[in-house]
Amino acid sequence: MTKILEATDIAFDGVNFPYVPPAKLNISPRLKLHNDWTPDVDPITYEVIRHNLWNINEEHGATIQRISGSPVAIYAIDLNPSILTEDAEFVYFGPYMQYMSGVTDTQVKWILEYRSDNPGIRDGDMFLANDPWVGAAHQMDVMLICPVFHEGELFCWVTNCLHQYDVGGITPSSFCPSARDAFDEGLLIPPIKIVENNEIRRDIEALYLRASRRPDMVALDFRAQMAGNMTAKARVVKLIERYGARTVKSVMKKVIAHGERAYLAKMESLPDGIWRERVYVECAHAGDRNVYPVHISLQKRGSELIFENEGTAPQIGAMNCTYSGWRGSIMVVLNQLLCWEQYFAIGGALRHVKFNPTMGTLNCANYPASVSTAPIQAMEISLYPTYNVLSKMIYPDPALRADIMCMGGCSQWPGTLFQGIDQRGEKFGYGLIDPIGGAIGAFAVGDGVSTGGQSRTPISKLPNVEHTEQQFPMLYLYRKELVDSGGAGKYRGGQGAQSCFIAWDTDQLTHDAIMSGAAIPSSLGLMGGYPAATNTYAYTLDTDIAARFARSDIPADIADVSGTPYVIQLREHGFKQTPDDVYAVSWCGGGGFGDPLDREPDRIEADLDGLFVSAQAAHDTYGAVIDPHSGKVDRAATEQRRAQLRAERLQRLGVAAQREAPRRSGVKLVESSLAVHLHRDGKGAYHCCAKCGFALGAADENYKLQALREDLSVMAASPRIADPIVYIDNKVTFRHFYCPGCGTLLDTEVAADDVEPLRDIEIHV
């Protein structure tokens, strides 16, 4: 009987495998693994070879881009290469779409476990796979996995993953937002040997291409992947010929060991505890007006990190991802916040990381859930909150604090899929790639980066407008950054942007919308910082755009055109856009860090000059008083107004005047956040306000329950946030937690319905 693939099939130890040594894998005795290495490598040789390995990995990705020529590879950069040891430990990720590599080791371990005996793993083989229940983000992310041999022994693996143009399913391009389950989506392929003795197996390739609407493009992409693997394999073999197999393997092992030592040193400087984040996604299927919570928790016990998703909503609709997608998403952030100085070498850290999923949830879905839209929904909403929980964990160490980064833009991707007949008379299907411009969230030491890309793709960049117009039948009216789209804070999140276009040189475009983060902000701030603005669709029918063109009048905003506004629902399918209809897609910015009332006046002036912040937000959110003559911030008046705003907070919540703050009689143990510290006195450990020292409860309690809480409209977070009732039926609040002693904003939460305040910081002392 054919075995149904489950999450446990790739786990070998439940679903926790920080490192699985070869002895624990059921590997055929006919497959010999190369494990001859020594820790004694001279430093010069080490540096030369490790940089060579990094360059091999980068060249691997560049080879795929050059040969493919696909807009997916060139503009979306939707690919990533990796190098792994013979026993599937990561040596290097590539700098492209990193969560693709985050599921590579599960694939390699699966191949070692289930393919080493039959059909066998030999020199000249490559294995193709896209099964998310083995290790892929979704069915369009096709992996090609290549063993590298030396003298009959498996030396290492070079692998790549590339998002394919179309692998089947009910929707062109294989994003299937109306899919009921995996059977409505692209063909699922567990690892199969598609290259044998360096030749393509035509029977397997024919099976692979059969479901595609564009087999020519998919076949070219496959050959680009094959060329990438062959290039990387040849370079590794050359290294072995030059330096010897033992030396090259020793460098690989030393890269992992150095990464492990660096990781362990960081863990020694941090307290044990649990850190949490709660976010939401909206509208699981067409007509749905509900919201679904996503929880992530991180527990640190000594050198061990344990990630969990307990509390996340059950799998539903077409927005789910599998366990491997959830794990791969988290690994991106581990790589970037804890391993960045190791050149993205995550293998050593992974020896001490466990993943403890609650299965059957929307980000650890059981087979056969629909998962084809996973990377722009369940995976993004798993990936970006991890920046916040890891940032909370590393905050207590001043040396690591500079590495903090809040959630960035495109924490939910505003999906815009379009299809039709292009300007060359050919059928096409594609998606708007512009949101890859993203935004970087605020840092603990400075502002985020506007349209700074998506942090999960370090080399991401906005596609050139002219290239998009050349490829597809559309004409841009404008593309611009959006004022007030970044989260407010002591340090501001980067701005998101908006692209506005019409159908051009075609009768119409047919669209499918796939979006969340439109009713509830999905890029949250940290430690008093505000969330970024929401994603939006704006659509105006039967406009005067042709008349405007005739008089050389190009609109600077969709609000400038006359016509009939139309509200696009978040999972609306099959709506038409004619050349007279104007469509604008906006993506959110990054979250803010710290209380906005602590922002320096010089920064606010620069915000106003650079159109990062509007005068309204400067006044309402930042408490700034602007001199009407000079346009500059009146510093004395601003300081006075901010003190008044803090006092008004206390008065609104029943505190007539500032309370006498207790003196800090204890010893400071931990700076647990920007606004809250842990102290100890003769009676035990307790939380206190970092500014005035007001006691906020015992260390083993949620300090938010001792703070003053004010529930505001979520629209108070940004002038760009619309009323959530447009899309959802749930009540959404923007919670502020104030110090009862001085009125300082300690933290913020975005909460749907009446849930308890999140105990987001739990430090064990």
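Colleague: Which element gives the most to the lining of the second largest cavity?
Modeller: Strand β27 gives the most, with four residues. Please bear in mind that this is a predicted model.

Colleague: What volume does the second largest cavity have?
Modeller: Its volume is about 160 Å³. Of the 16 residues that line the second largest cavity, E277, L524, G525, T748 and E749 are the closest to its centre.

Colleague: How many nonpolar, polar and charged residues are in the lining of the largest cavity?
Modeller: There are 15 nonpolar, eight polar and two charged residues in that lining.

Colleague: How many cavities of 30 Å³ or more does the count come to?
Modeller: The count comes to nine cavities of 30 Å³ or more.

Colleague: Let us turn to the aromatic residues. How many aromatic pairs does a search of the whole structure find?
Modeller: The search finds 26 aromatic pairs. In one of them, the ring centres of Y323 and W326 are 6.2 Å apart and the planes stand at 45°, so this pair is tilted.

Colleague: Why are Y323 and W326 separated by about one helical turn?
Modeller: Both residues belong to helix α9 (residues 323–338), and they are separated by about one turn because they are three residues apart. In general, an α-helix has 3.6 residues a turn, so residues three or four places apart point the same way.

Colleague: Are Y323 and W326 buried or exposed?
Modeller: Y323 is buried, with a relative accessible area of 2%. W326 is also buried, and its relative accessible area is 1%.

Colleague: How far apart are the ring centres of F428 and F472?
Modeller: Those centres are 5.7 Å apart, and the planes are at 40°, so the pair is tilted. This pair links distant parts of the chain, as the two residues are 44 residues apart. F428 lies in strand β13 (residues 427–431), while F472 is in the loop between α12 (465–471) and β14 (474–481).

Colleague: Are F428 and F472 buried or exposed?
Modeller: F428 is buried, at 7% relative accessible area. F472 counts as buried too, at 5%.

Colleague: Which residues do ring pairs link into a cluster?
Modeller: The cluster consists of Y476, F501, Y537, Y539, Y566, F575 and Y583.

Colleague: What sits over the ring of Y46?
Modeller: The charged end of K254 does, at 5.1 Å from the ring centre. Elsewhere, R492 lies over the face of F612, and the distance to that ring centre is 4.4 Å.

Colleague: One last topic, the helix α7. How many residues does it have?
Modeller: Helix α7 (residues 215–243) has 29 residues. From its first C-alpha to its last it reaches 42 Å, close to the expected 42 Å.

Colleague: Which residue follows α7?
Modeller: G244 follows α7, and the phi of G244 is positive, near 95°.

Methods. Residues numbered from 1 in each chain as written. Predicted model: local features only at pLDDT ≥ 70, side-chain atom pairs only at ≥ 80, totals over all residues. Heavy atoms only, no water. Phe/Tyr/Trp six-rings, centres within 6.5 Å; stacked < 30°, edge-to-face > 60°. Buried < 20%, exposed > 50% of the residue type's maximum accessible area, 1.4 Å probe, protein only. Lys NZ or Arg CZ within 6 Å of the ring centre and 35° of its normal. Expected span 1.5 Å × (residues − 1). 1 Å grid on protein atoms, 1.4 Å probe; cavity = no way out; pocket = protein on both sides within 12 Å on 5 of 7 lines; lining within 4 Å. Points joined across faces, edges and corners; volume = space filled by probe spheres on them. Nonpolar A, V, L, I, M, F, W, Y, C, P; charged D, E, K, R; others polar.
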